[in-house]
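Open the model in your viewer and keep the selection tool at hand. The stops below say what to pick and what is there.

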Amino acid sequence: MGRNVLLIEDEPNIIEAIRFILSRDGWHVQTHSEGTSALDAVQRARPDLVILDVMLPGRSGFDILRDIRACAELAALPVLMLTAKGQSRDRAMAESLGASRFMTKPFSNADMLAAVRELAAP
Amino acid sequence: MPRSSTMTGTRIRERRLMLGLKQSDLARTVGISASYLNLIEHNRRRIGGKLLVDIGRALDIETSVLTEGVDSALLGALRDAAAQHVAARADLSRIEEFSGRFPGWAKLLAERHRRVAELERVVEMLSDRLTHDPFLSASLHEVLSTVTAIRSTAAILAETDDLDPDWQARFHRNLRDDSRRLAEGAQALVGYLDDSADVAGRQSLPQEELEDFLTARDHHVAELEDGTAPVDTLIAGADELVTASGRDLARRYLARYAEDAARLPLAPLLRQVVRLGLDPGALAQHFGLDPAIVFRRLAALPGASAGVNVGLVICDGSGTLTFRKRVAGFALPRFGAACPLWPLYQALSRPMAPIRTTVDLAGRPARRFMTYAICTPVAGNGFDGPQVLESSMLILPGPPEDAAPAQPIGTSCRICPRADCPARREASILADGL
């Protein structure tokens, strides 16, 4: 499997930190910060893994996940959901929509790295 | 002789009928003639002393309940309290005995029950706020996002041995910016929660603040009648109005009061009340005004000039009671919905049609009232809508019991004894008790 990650997140400093951590581990990180055009970005970037924030301007991460799963060619794409609200309701929602993994902010860098490695493992 | 004791005979009769005893049987038990008992039951003979005690014993009821009656509002509160308690439900049939023998304890229980209900509403309000408040939700999200960035950045700085100086400087700068943002966000959040705690600490509900304010003035705001004080001055000087929403509610109520008073000033209203009586239809016609305004003006008459207790309830299109002026004997639900048979709600389904109904409010004894109800549009938005309706019901003392058939109504299903009511929405807690 390839090492391309698409990070969909709107907080610039979180983007910078995640990009740094993953890049040092050998991943190629592309980013996108807007909700309505997120699906286009996924289709263009053709990543091996998507990290998707729930709270995005324009369109919620849950809706974007639903769009991704509705695309035949993206149905199996690993998606790691990030949310600032650790509520069980959000977790259940993410699972029912087909998230591969769910992570609550604030996360530790080690956990993030481990999750990405695990999800991208063949 | 206090007015209440003139009803002793009536209470004896009701109690006897409730127990299914014949007049002659009760008379024999207490050693008097049936015709004498008949006179007593129709309040034509005063009763006291040993005979009263004997009758009380024969009817298994406290004599004080027979002579003084039971405060129906107190009974209503006690029934409502018992609804939530299995053991108390079993004792419902002795509720009058209880409140008659231990009036102080009964009042305490009713008062505590009312307080619990109030506090439950406050909790509900606060939990609603936690769940739905957009500011709180946005603030928490902001704080968590910032913390996330700080945690990640700090870990990178601490754990990366060979960090490039450019990257290092960049992360330091991010850290500084994010920590400032975090401090601001946390402060805003604390400030906001402090305000909320303050409101919760006073534990009052907006509608109750307005009710306290109006009760203290007997629902007559003299300063607005003669225009000596503007609404804002009144509100600023009112100790009862403690929360912002309470003041807001009062502002809207008083603004309408002032508007009503300007359209139908006190002096001409009083003159016509003397001439026409408390007939809202005739008064509305005479003044050429919407009956709802006349209702509100009659409910705001200074205590003595109406001669009787005038009650008023107003609800919005959802049936929620938005205003209540209590009247003795007509128990209003404290929270939640009232009896669907109230003419107030029937008017809601027939906007602009005036409805006059004689009602019998369930209770022992049932109390008769004359009600006038009308539903009128409130928000004037022309043909563009939405149409906002408001229904009002004026409550006046009823005609004598033998006058005409009356519509049976209740206070609210839970504490209503009418078993075969077609409008019932939930079981009564009184079914076993009666």
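Start with the contact between the two chains: 15 residues of chain A and 14 residues of chain B take part. Two residues count as in contact if their C-beta atoms, placed from the backbone, lie within 7 Å. This is a predicted model, in which local features need pLDDT of at least 70 and side-chain atom pairs count only at pLDDT 80 or more, while totals for chains, interfaces and linings use all residues. Residues are numbered from 1 along each chain as its sequence is written, with chains lettered from A and ligands numbered from 1 in the order in which they are written.

Stay on the side of chain B that touches chain A. Select helix H10 (134-159) and helix H11 (165-202) of chain B; these are the elements that give two or more residues to that side. Helices (H or I, at least four residues) and strands (E, at least two) are DSSP runs, numbered from the N terminus. H10(B) supplies the largest share, eleven residues.

Move to chain A. Its five strands form an open parallel sheet in the order S2-S1-S3-S4-S5. Strands pair if DSSP finds at least two bridges between them. Strand S2 (28-32) and strand S5 (101-104) of chain A are the edges, each pairing on one side only. Select strand S1 (residues 4-8) of chain A: five bridges tie it to S2(A). A:Leu6 faces A:Gln30 in S2(A).

Last stop, chain B. Strand S3 (residues 355-361) and strand S4 (residues 367-377) of chain B run antiparallel, joined by seven bridges. B:Val359 has B:Phe369 as its bridge partner in S4(B). S4(B) also pairs antiparallel with strand S5 (residues 389-397) of chain B, over nine bridges. There, B:Thr371 stands opposite B:Ile395.
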